[in-house]
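Hi everyone, thanks for coming. Let me put the model up, and then I'll walk you through a few spots in it.

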Amino acid sequence: MKLNRFTNRPSLTNRVCKIFVVMRIALFLLLLNASQLFAADSYSQSATINLNISNQSVKAVLTEIQNQSEFFFMFNSKIVDVERKVDIQAENEKIGQVLDKLFAGADITYTVIDRQIVLSSAKLLSEQQQTKKLSGKVTDQAGVPIPGASVVIKGTTMGVTTNNDGTFALSVATNAKVIVFSFVGMKSQEVALDNRSQYNIVLAEETIGIEEVVAIGYGTVKKSSVTGALTSVKSEDVKFIPVPALSNSLAGRLSGVYVSQASGAPGYAAAIRVRAINTWKGTGLDPLYVIDGVVSDKRSFDALDNSAVDNITVLKDAASGAIYGARSANGVILVTTQTGKTGKFQLNYNYSYSFDKPSKIPSYVSAKDMVRLMNYARSSENLPPAYDAQEIEFFNGNDPARAW
């Protein structure tokens, strides 16, 4: 008997049936979604409100509507004046009719989304919807396009970045005032918006202290030319710090410089250690202090007033402090004080004060009790008394010398 070659395949009838089943399921889901949308829309059309309110706030009216229905309101009280007094009467009216009466003559618009009603300012919404398009190009001082530069509306997070050719296109609201252009290594630039639609911006490079002049053992050089390990701090960083000594103001401000406060006693200066402690005989632990080119000690350093300091530089390695030889084994702290400058006269006055008061003063025994307790303690250890009878009489106030 010859086998049919289609025996193991689904028949045409079965495939047609499967197609109809899939179509029925798809039609059912479509009708289900449509019914939900219709139900949401039909509620806002079918729900009715009854109100009879006189001289009440808008907020009270909205609360009454929420109590009578399934609607709830969303609004910003800074935009919508919900404290305004109103009179409103409604009898079996739709929500749209009620809101039209409630906000008649007011700058308020509403949007009904299912059972949620959003209130907003009609004027603000109109301004936000009105936009204008800006375009332009961002380059550096040499005219080279800057790709990836940020173009942001000031005060917002809305913005774009420039393309590979430095161009940008941005839609902004008509009430936008300032656009900020920025890029890593460049100075940010704020541009006030006007009637133009094209803005070609040139960003300047931002130098990060590489031309700053610092003091070293051989004089002063540009910071970009220094090859040794050093760090510095300017007078602006220390002159307004209320600390008892100059060394305290360096804490946490210089990398590789450890400042420790071992005591809280009034006027106690902190210890300064640069990187580590050396083992060179006779150099001690403190770094070498040089004030205006003169080798000094730590007391002279701490005696300086913070406002008198112009620059403090710490030489941390052998290369930078080589001019001082073995004395620089613990590092060198160079201090340059302020000097007179030509130009306009300037006078600065700084005043500070503090009180040092013990939190608790211990109570001490009198001399008479001290003698008695001392002898009692020695007797308990089978030792002879520390004070004889004549000395005890003296401490008890019976001094023979007073008879004279």
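Strand 7, residues 150-153, pairs with strand 8 in the antiparallel sense over three bridges. Strands here are DSSP runs (E, at least two residues), and helices likewise (H or I, at least four), numbered from the N terminus; two strands pair if DSSP finds at least two bridges between them. Within this pair, V152 stands opposite G159 of strand 8.

A word on sources: this is a predicted model, where local features need pLDDT of at least 70 and side-chain atom pairs count only at pLDDT 80 or more, while totals for chains, interfaces and linings use all residues. Residues are numbered from 1 along each chain as its sequence is written, and side-chain values use heavy atoms, with hydrogens and water left out.

Back to our strands: they belong to an open sheet of four, ordered 8-7-10-11, with antiparallel pairing. At the edges sit strand 8 (159-161) and strand 11 (189-192), each pairing on one side only.

After helix 6 comes N382, with a positive phi near 60°.

Y351 is exposed, with a relative accessible area of 56%; exposed means over 50%, with a 1.4 Å probe and protein chains only. Thanks, friends!

Notes
Buried < 20%, exposed > 50% of the residue type's maximum accessible area, 1.4 Å probe, protein only.
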